[in-house]
Amino acid sequence: MKPPRMTLAVVSLENRFVRLEPFSPGLEVEVRAALDCDAASWDIMVGAAYGAHFDGWWLGALTAMEQGTRIAWAVRRASDGAIVGTTSLYEIKPDYRRCEIGSTFYRPEVRGGPVNPSCKRLLLGHAFDAGAVRVEIITDAINPTSQAAIRKLGARDEGVLRKHKITWKGRIRDTAQFAILDDDWPGIRARLDTRLASFG
């Protein structure tokens, strides 16, 4: 008997704070405008998507979506309809029922509020509802702010992968790896729902 697979649909996801819209050509101008800021934050990332870097990054995201290895979403703020960032499910492995959350960037003015936990709630729910047994979240080992945010979700720290990736500026980076399993999801979902309910 063939084991079940994870089947991730390319659909919009929304709650009272954000609407996640899958990348499409019609969103290109808005996404470009949303990401063209905060060059210092892009400096430590594997790829850059601001300014002159956007075109190649955008094409790469659309190509990965066509290949079924990534679903990239624009993050639209519900309160005013503005696109304020991007996030993805990628490294999609249907046979292993595994994927990663990442390639995430938010404009500075929405960091620290409900946008990130809202996005994580939607992405994790989408993945586990689709049959995932493991969702990974990775970040640069020199980024303590990102690691703290991942731990706050309830993801389990699985250690550091040494010399794991190379940033677009050429730095060989160590990667801090975290994961949430299907067994962990009910408790994490409840904590996220409580956290989101605290925002006015």
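Predicted model: local features only at pLDDT ≥ 70, side-chain atom pairs only at ≥ 80, totals over all residues.
Residues are numbered from 1 along each chain as its sequence is written, and side-chain values use heavy atoms, with hydrogens and water left out.

Strands (E, at least two residues) and helices (H or I, at least four residues) are DSSP runs numbered from the N terminus, and two strands pair if DSSP finds at least two bridges between them. E2 and E3 pair in the antiparallel sense over five bridges, with Val75 in E3 as the bridge partner of Leu20. The pairing of E3 and E4 is also antiparallel, over seven bridges, and here Val75 stands opposite Gly85 in E4. Five residues lie between the strands of the E3 and E4 hairpin, where Gly81 takes a positive phi near 80 degrees. By contrast, E5 and strand E6 (residues 134-140) pair in the parallel sense over four bridges, and Ile101 stands opposite Ile137 in E6.

Contact means heavy atoms within 4.5 Å.

How is helix H1 (residues 28-35) placed? Its residues Val31, Ala34 and Leu35 are buried, where buried means under 20% relative accessible area, exposed over 50% and partly exposed in between (1.4 Å probe, protein chains only). An α-helix has 3.6 residues a turn, so residues three or four places apart point the same way. The face of H1 turned away from its buried side carries the exposed residues Val29 and Ala33. Among the elements that cover the buried residues of H1 are H2, helix H3 (54-67), strand E3 (70-77), strand E4 (83-93) and E5.

Strand E3 is mostly covered, with seven of its eight residues buried. Arg76 lies in this strand and is buried, at a relative accessible area of 15%. Leaving aside neighbours within four places in sequence, the contacts of Arg76 include Phe17, Val18, Glu21, Glu30 and Gly81. Val18 itself belongs to strand E2 and is buried at 1% relative accessibility. Residues up to four places away in sequence not counted, Val18 touches Val75, Arg76, Val115 and Cys119, among others. Val18 and Cys37 are 19 residues apart in sequence, and their C-alpha atoms are 20 Å apart in space.

The aromatic rings complete the picture. A search of the whole structure finds nine aromatic pairs. Rings of Phe, Tyr and Trp (its six-membered ring) pair if their centres lie within 6.5 Å; planes under 30 degrees apart count as stacked, over 60 as edge-to-face and the rest as tilted. Phe17 and Phe199 form an edge-to-face pair, at 6.0 Å centre to centre and 75 degrees between the planes. Phe17 lies in the loop between strand E1 (13-14) and strand E2 (18-22) and Phe199 in the segment after helix H6 (185-197), so the pair ties together parts 182 residues apart in sequence. Phe17 is buried at 12% relative accessible area, whereas Phe199 is partly exposed at 24%. The ring centres of Trp42 and Phe105 are 4.2 Å apart and their planes are at 15 degrees, so this pair is stacked. Trp42 lies in helix H2 (residues 39-42) and Phe105 in strand E5 (residues 98-106), so the pair ties together parts 63 residues apart in sequence. Both Trp42 and Phe105 are buried. The charged end of Arg111 sits over the ring of Phe105, 5.3 Å from its centre (NZ of Lys or CZ of Arg within 6 Å of the ring centre and within 35 degrees of the ring normal). Elsewhere, ring pairs link Phe23, Phe54, Trp57 and Trp58 into a cluster.
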